[in-house]
Amino acid sequence: AVRGGLYRQFLRLLVMAAILPSLLFGAAMMFSRYRSELAQIDARMVANAAILAHELDQSLLALQASLHVLAAAGERHRLDWNLELAELQRRYPSILTLIATDARGRVVGAAPASVAANAIGLDVADRDYFRVPARNGQDYISNAFVGRGFGRDPLVVVSVPRYRDGRF
């Protein structure tokens, strides 16, 4: 009986000596693979963020150029701002709202049409997107913020100064 008990105990130790290192090795391999996959995911996320940032920058530059073309046309011609802004919005479907203001910051045109009815006459003279171009004649691209006028969507505002007969 003692011999059978020693044999079973020896057998258990032998099985543990063979299985325990295998289990530990397997767990270490799984942890290593987990960390490697996390590093790959992190690298992909960094690359995707860089691509998205570049695409956003390019989109903002294209919009800025389009706004300059429209502002220059407005300097030479009397435009129907509601029509012109609606056309620009059609070309840039990700734009939620477009407005044109007079020199005092009153909205004189807007798109989409659903916004135009409430926007015309609105005073935006206190907003940075109006004040910066009015003060220094430079374009303005805001940081992201939550809108307070036509909804609560996260926004980035792009504005360019518009001149008529050399006046803002």
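A residue counts as buried under 20% relative accessible area, as exposed over 50%, and as partly exposed in between. At 27% relative accessibility, Ile-99 therefore counts as partly exposed. The structure described here is a predicted model. Its protein chain contains four helices and six strands, and buried residues account for 24% of its 168 residues.

**Overall fold and dimensions**

- Read along the sequence, the elements of the protein chain follow the pattern α-α-β-β-α-α-β-β-β-β.
- The radius of gyration of the protein chain is 32 Å, well over the 15 Å that the globule rule gives for 168 residues, so the chain is more spread out than a compact globule.
- The C-alpha trace spans about 110 × 30 × 25 Å along its principal axes.
- Of the contacts between residues at least 6 apart in sequence, 41% join residues at least 24 apart.

**Nonpolar cores**

- The largest nonpolar core comprises 15 residues, and those with the most contacts inside it are Leu-63, Leu-67, Leu-85, Leu-88 and Leu-98.
- Two or more residues of this core come from each of helix 1 (2–76), helix 2 (81–91) and strand 1 (98–101).
- Helix 1 gives the most to this core, contributing five residues.
- Leaving aside residues up to four places away in sequence, Leu-63 touches Tyr-92, Ile-95 and Val-158.
- A second, separate core has eleven residues, including Val-107, Tyr-129, Tyr-140 and Val-157.

**Surroundings of Ile-99**

- Ile-99 is located in strand 1.
- When residues up to four places away in sequence are not counted, Ile-99 touches Leu-85, Val-107, Gly-109, Ala-110, Val-124 and Tyr-129.
- Among these contacts of Ile-99, Leu-85 is one of the residues with the most contacts inside the largest core, whereas Val-107 and Tyr-129 belong to the second core.
- Ile-99 and Asn-82 are 17 residues apart in sequence, and their C-alpha atoms are 8.4 Å apart in space.

**Cis peptide bond**

- Ala-111 and Pro-112 are joined by a cis peptide bond, with omega at about 5°.
- Pro-112 lies in the loop between strand 2 (107–111) and helix 3 (113–119).

**Surface and charge**

- The protein chain exposes about 12,200 Å², of which carbon and sulfur atoms supply 61%.
- The protein chain carries 20 positive and 15 negative charges, and the mean positions of these two sets are 12 Å apart.

Conventions: Residues are numbered from 1 along each chain as its sequence is written. This is a predicted model: local features need pLDDT of at least 70, side-chain atom pairs count only at pLDDT 80 or more; totals for chains, interfaces and linings use all residues. Side-chain values use heavy atoms; hydrogens and water are left out. A nonpolar core is a set of buried Ala, Val, Leu, Ile, Met, Phe, Trp, Tyr and Cys residues joined through side-chain atoms within 4.5 Å. Buried means under 20% relative accessible area, exposed over 50%, partly exposed in between (1.4 Å probe, protein chains only). Contact means heavy atoms within 4.5 Å. The radius of gyration is taken over C-alpha atoms; the globule rule is 2.2 Å times the number of residues to the power 0.38. Accessible areas come from the Shrake-Rupley method with a 1.4 Å probe; for residues, only the protein chains shown count as cover. Lys and Arg count as positive and Asp and Glu as negative; His and the chain ends are not counted. The place of a charge is taken as NZ of Lys, CZ of Arg, CG of Asp or CD of Glu.
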